[in-house]
Amino acid sequence: MFTLSELASLNERQSSYKLLKPWWEVFMDYLVVLMLMVSVLAGTLLLSRDRVVCLPIHPISSSINQSLASEDLSPEGAHITLTPPAPTPEPLFPSHLSSSGAKSSARGRRTNMDYQQYIYVSQVCYHEALPWFSRFSPYVALLQSLMLLASGCFWFHFPLTSSRIEHFLTILAKCCESPWTSRALSHTARLDSGQCRATEEEKEGERLQVHLPHPVHPASLTRQSSLDSGTDSPLLVRSDSASTAAPPSPCPSMLSRTSSLSSLSFTETGSPQPQLSRVIPDATRPTASLDRSDGEQARALFERVRRFRAHCESSDIIYKVYLAQTIFKVLKVVLIVSYTTPLLGSISFNHICQPLTHALTGYQDFECTHALASVLHKLLVVYLCLVGLFGLLGLYTLSWIWHKSLRKYSFQCLHETGSMLDVPDLCNDLAFLLHMADQYDPLLAHRLSVFLSPVSETRLLEENLERRWGVERLRGMTTCDPQGRTQLQLVALSSLPPALFTLSQLEVLKLELITDAKLSAQISNMTSLRQLHLYHCTAAVEPGALLCLQERLEVLHLTFIQATDIPCWVYSLRGLQELHMTGHLGCESGVGRGWAVGNLRQLRHLRMLSLRDSLQRIPAELGEVAGSLMRLEIHNEGARLLVLTGLRRVVGLTELQLQGCQLERLPSALLALTGLRSLDLQHNCLRTLEELLSLQHLRRLSSLRLAHNRVLALPSSVGVLRRLELLDLAHNELQSLPPALFTLHRLRRLYLAGNLLEVLPVEVGALALLLELDLSGNRLESLPVELCTNCLELRNLNVSYNSLGSLPPNLGSLSQLSLLDLRGNSLEQLPAELGCCTGLRGSGLLVENWLLHSLPRQVRDLLTQPRPSSTSSSEPPSRPESDSFPTFSTSHWSFLLAAESRI
């Protein structure tokens, strides 16, 4: 039993399949139905009324017939007439049965056969004398019709094609029902109508200028615009149909949307001077926006169409199955006609039957009549006519398949009308399905084209972004960086929200993994923007936006994969001061071609350049910006930097950072950098510093960072660096310090953490200007008294994780001390003199809690109480006093502030 719901779903599926049935398929379905009706009618007659009536043939009549036949076949052709002997008339009934009173007597030849014998003979002759085609032709026709019916819809039910067809019909229904389809078609129709009006008015103006022989009166011409996104839209009009219908009369709602030409004006001399105002299409007219659910459904439909297109264009199984079933139907028709036509003549009314019933009936020959022979003959003729028409339609289908390229589909009508020029051409199964749908209604392909257009998808994403990423949400995501600047980070968006360009107070903008980031001219509204980060984001910039970035942008961070991913507009930012580039710049011959084409010479104000890559040599292109470049950072990610001769081209450098370059010795190219102030060679493989003597030519060097290397010993030549103010030797393998180190009287910061030091020389007291001293992670057992006696400016002292058993008793003389780290030592108690270090109040003293209780209560309370508001914020580390710093604005030296904050 079938439920009503199952039958309803079957009916819905059959009704949806009609979208893929062209007119000949529908006609062939009706022909198959007619064939079924004819075969069923013939079969019903055959079952209900089919019979034969047989009469015996007299032997004399049969002999006469045989003799006549032999005479006809005689070679002489003579005609001999044989007169049969007149038979003695016998009474039809016996005399004893007749009565004198009967009004009529029985006539005919007596056969001496009863009714049962007639029935028996008729049954035997029906099976022996009647041809098989007369008995089974309706059933054969019924089977043939059923086979044609099954072959007509085979491609809808074949497992490899049915899923694709059902998916296509579902997507097509979604495309027709989606509100975005009407929005996109109406938008395209407005653009097309506006362009058509403008083109026609220009042509009309030219015609009036050329063909007006005499002055004409001003006139106002109006043209009705397209108002509907349905069949009135030029996007949905068939390409082969001409528009001949008269335009409808304007209604009040339409009059407000009409466009008119300006009146023709004439000069004072009377010569006609028509002035036509160009009509601009009203593409920016506000329309009702989609709600969130409709927008999400449209986005999901775009993705679904994209995946279905990729799946269907990978093969042409539907095309092959449809072609095979069409060929099968044509061959089947040929087969039916070829064997049915000869057998049609076997259906006759009279038949001679010679059953082996002479012993039962006394007769050998019988003449039988088939009652339904005439009706069956006519029905089979009608059936053959239907089959022939079915075959002609099959041949037409084959010719249509061969003459039309069904595995390629082009939206030529859309391209000719100038609407949706970006819709791609399709191939294989998707193209074939659209060709079949075009035979039903070409507007279906137009609605599907909305979800094949990249421009349409971009517009949808823009509307979704505008709705989801409003001004209030963007302002809520704005934060402050460590420098106190307002920043905003956007990650993994399809494009930039329009509300972004209204944030006038934003200073730092970070864009990451945005596929279509386009900086429009509206960026001029972001008057405070100074820093831009692009992480794997190839941003396009309009000319108006580029002019704004050239004037305002100071810092740019780029993260990419290949040098070819660097936007070309980066090299035209003439006002750029800092450029940070992370990505693959190198190639087999050194630096990639994308870098060489960059033409860095246009970056005239570039002060800082940071490269994070696996370079083999210093880029020679740095010489193009040697005149302005003051700071160079190279993070080589652990790859060996082989050639450093490029440094000699940038003699104006004041700060150089070479980290992760696998350097084993100090490079000789440093001698050319006579103006160098800061040298950072951290995270390399330096084992010896014998080349420090050569650095005496760098008379302005004030900062030297050699942390995270493998330095075994510090040579005495370090004493030649008289202007050194910062020395970082942390995380090396030093076991002792030379006395020459403590002759650097300008030294303010000394970092010796993570070494193998066991004793701190008493000469450390010579560093009277020392502000920061880091001795953590060594093997010190005591501190010299001279450290607390002479280094009175000391503010940060870190001696954590050593083997200290006690502290100097005069530690309280370090009145400027604001940070003291004593964790991880062998101390048993703390000196009470720590109470004199008022700068340690609050969180300035880092020590275990149990050790803190060894102090007197008054001292403990003094150190744990919060700092006064006047001293709550420690004085920031002062910048090295040197006359080598040029006088620039604060923005020019923002990188110095960042470095000082890390120190």
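Which residue does a disulfide join to cysteine 54? The partner is cysteine 368, with an S to S distance of 1.9 Å, where a disulfide is defined as a pair of cysteine sulfur atoms within 2.5 Å.

The model is predicted, so that local features need pLDDT of at least 70 and side-chain atom pairs count only at pLDDT 80 or more, while totals for chains, interfaces and linings use all residues. Residues are numbered from 1 along each chain as its sequence is written, and side-chain values use heavy atoms, with hydrogens and water left out.

**The sheet**

Three strands form an open, antiparallel sheet in the order 1-7-6; helices (H or I, at least four residues) and strands (E, at least two) are DSSP runs numbered from the N terminus, and two strands count as paired if DSSP finds at least two bridges between them. Strand 1 (52–56) and strand 6 (350–353) are the edge strands, each pairing on one side only, and the twist averages 25 degrees from one strand to the next, with axes taken as lines fitted to C-alpha atoms (for helices over the stretch in contact) and angles running from 0 to 180 degrees between N-to-C directions. Strand 1 is joined by five bridges to strand 7 (residues 366–370), to which it runs antiparallel, and within this pairing valine 52 has histidine 370 as its bridge partner in strand 7.

**The disulfides**

Two disulfides are found in a search of the whole structure. The link of cysteine 54 and cysteine 368 is right-handed, with 110 degrees about the S-S bond, and it connects distant parts of the chain, cysteine 54 lying in strand 1 and cysteine 368 in strand 7, 314 residues apart.

The other disulfide joins cysteine 125 to cysteine 353, with an S to S distance of 2.2 Å. Cysteine 125 belongs to helix 4 (residues 115–128) and cysteine 353 to strand 6, 228 residues away in the chain. The torsion about this S-S bond is about -90 degrees, and the disulfide of cysteine 125 and cysteine 353 is therefore left-handed. With the bonded cysteines numbered in sequence order, the pairing reads 1-4, 2-3.

**Accessibility of cysteines**

The table uses relative accessible area, with buried meaning under 20%, exposed over 50%, and partly exposed in between (1.4 Å probe, protein chains only).

| Cysteine | Relative accessible area | Class |
|---|---|---|
| Cysteine 54 | 2% | buried |
| Cysteine 368 | 2% | buried |
| Cysteine 125 | 1% | buried |
| Cysteine 353 | 1% | buried |
| Cysteine 480 | 56% | exposed |
| Cysteine 537 | 6% | buried |
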